[in-house]
Amino acid sequence: MGEFISWNNLTVRPLSDTDRTWVRDLLAEHWGSSQIVSRGRLHDGAALPGFVAWAGGERVGLLTYCFESATVCEVTSLNSLAEGIGAGTALLEAVITMAREAGCVRVWLVTTNDNLHALGFYQRRGFVLKAVHNNALETSRRLKPEIPLIGMNNIPLRDELELEMLL
Ligand SMILES: CC(C)(COP(=O)(O)OP(=O)(O)OC[C@H]1O[C@@H](n2cnc3c(N)ncnc32)[C@H](O)[C@@H]1OP(=O)(O)O)[C@@H](O)C(=O)NCCC(=O)NCCS
């Protein structure tokens with residue numbers, strides 16, 4: 001898979017082996033560890049495929065994903081290290097393009113009830129709220145005890161919000 005060049009001098013490239021240590025460190029710093037839990041499943045985030053956004057020779061964002069089946073792709077994480085310059089959008093566009101070309105019919109992801117910013121961000125980019133999984137974080141914490149009780153915006157971290165885009 002080639003590079004995706006977007007506006008604002010951002011370049012998005014598929015993850016390569018030379019990115020792996022950076023991925024592990026970024027996930028640990030932002031999500032407590034490189035283990036990612038969604039819908040009761042534990043992923044080794046540092047081993048997943050993904051995309052890196054680059055700007056001015058620096059890595060400015062990471063998206064990881066996995067194929068749930070041949071036609072369904074889950075975005076397992078998204079982080080921007082330079083918010084507001086288009087990195088998050090470019091990474092999301094890259095995974096959607098990749099999924100479409102791979103023959104996927106659905107791209108989905110979960111965010112959590114405290115993440116008001118992400119809920120708006122995804123909906124503004126065409127994702128639709130599919131389900132609210134109440135108290136899903138109770139299950140997640142059994143798999144990843146470092147998940148905090150209080151999340152962003154000082155909101156109790158409790159539910160998974162499932163968003164999808166049908167391709
Ligand atoms: C959610 C997140 C990934 C967004 O990443 P980002 O790099 O800031 O995203 P973008 O820069 O593409 O877009 C952010 C805003 O900047 C604006 N923007 C982007 N490029 C711009 C530019 N060149 N000039 C002016 N505004 C710009 C966009 O309009 C967008 O606002 P909107 O959502 O109201 O449309 C980021 O906030 C983040 O990492 N959050 C913490 C981790 C997280 O919550 N991840 C998702 C959990 S599932």
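**Exercise 1. Find the residues with the most contacts inside the largest nonpolar core, and the elements that supply the core.**

Step 1. The largest nonpolar core has 33 residues. Such a core is a set of buried Ala, Val, Leu, Ile, Met, Phe, Trp, Tyr and Cys residues joined through C-beta atoms within 7 Å. A residue is buried if 20 or more other C-beta atoms lie within 10 Å of its own, exposed if 12 or fewer, and partly exposed in between, with C-beta atoms placed from the backbone.

Step 2. Ala53, Leu63, Leu91, Val95 and Val107 have the most contacts inside this core.

Step 3. At least two core residues come from each of helix 1, strand 5 (50–55), strand 6, strand 7, helix 2, strand 8 (106–112) and strand 10 (160–166). Helix 2 gives the most, with 7 residues. Helices (H or I, at least four residues) and strands (E, at least two) are DSSP runs, numbered from the N terminus.

A word on the model: it is predicted, so local features need pLDDT of at least 70 and side-chain atom pairs count only at pLDDT 80 or more, while totals for chains, interfaces and linings use all residues. Residues are numbered from 1 along each chain as its sequence is written.

**Exercise 2. Work out which residues of helix 1 are buried, and what covers them.**

Step 1. The buried residues of helix 1 are Val23, Leu26 and Leu27.

Step 2. These residues cover an arc of only 95° around the axis, so they sit on the same side of helix 1. The arc is that of the directions from the helix axis to the C-beta atoms.

Step 3. After helix 1 comes Gly32, with a positive phi near 85°.

**Exercise 3. Describe the surroundings of His133.**

Step 1. Locate His133 in strand 9 (residues 128–133).

Step 2. His133 is buried, because 20 other C-beta atoms lie within 10 Å.

Step 3. Setting aside neighbours within four places in sequence, His133 is in contact with Asp159, Glu160 and Glu162. Two residues are in contact if their C-beta atoms, placed from the backbone, lie within 7 Å.
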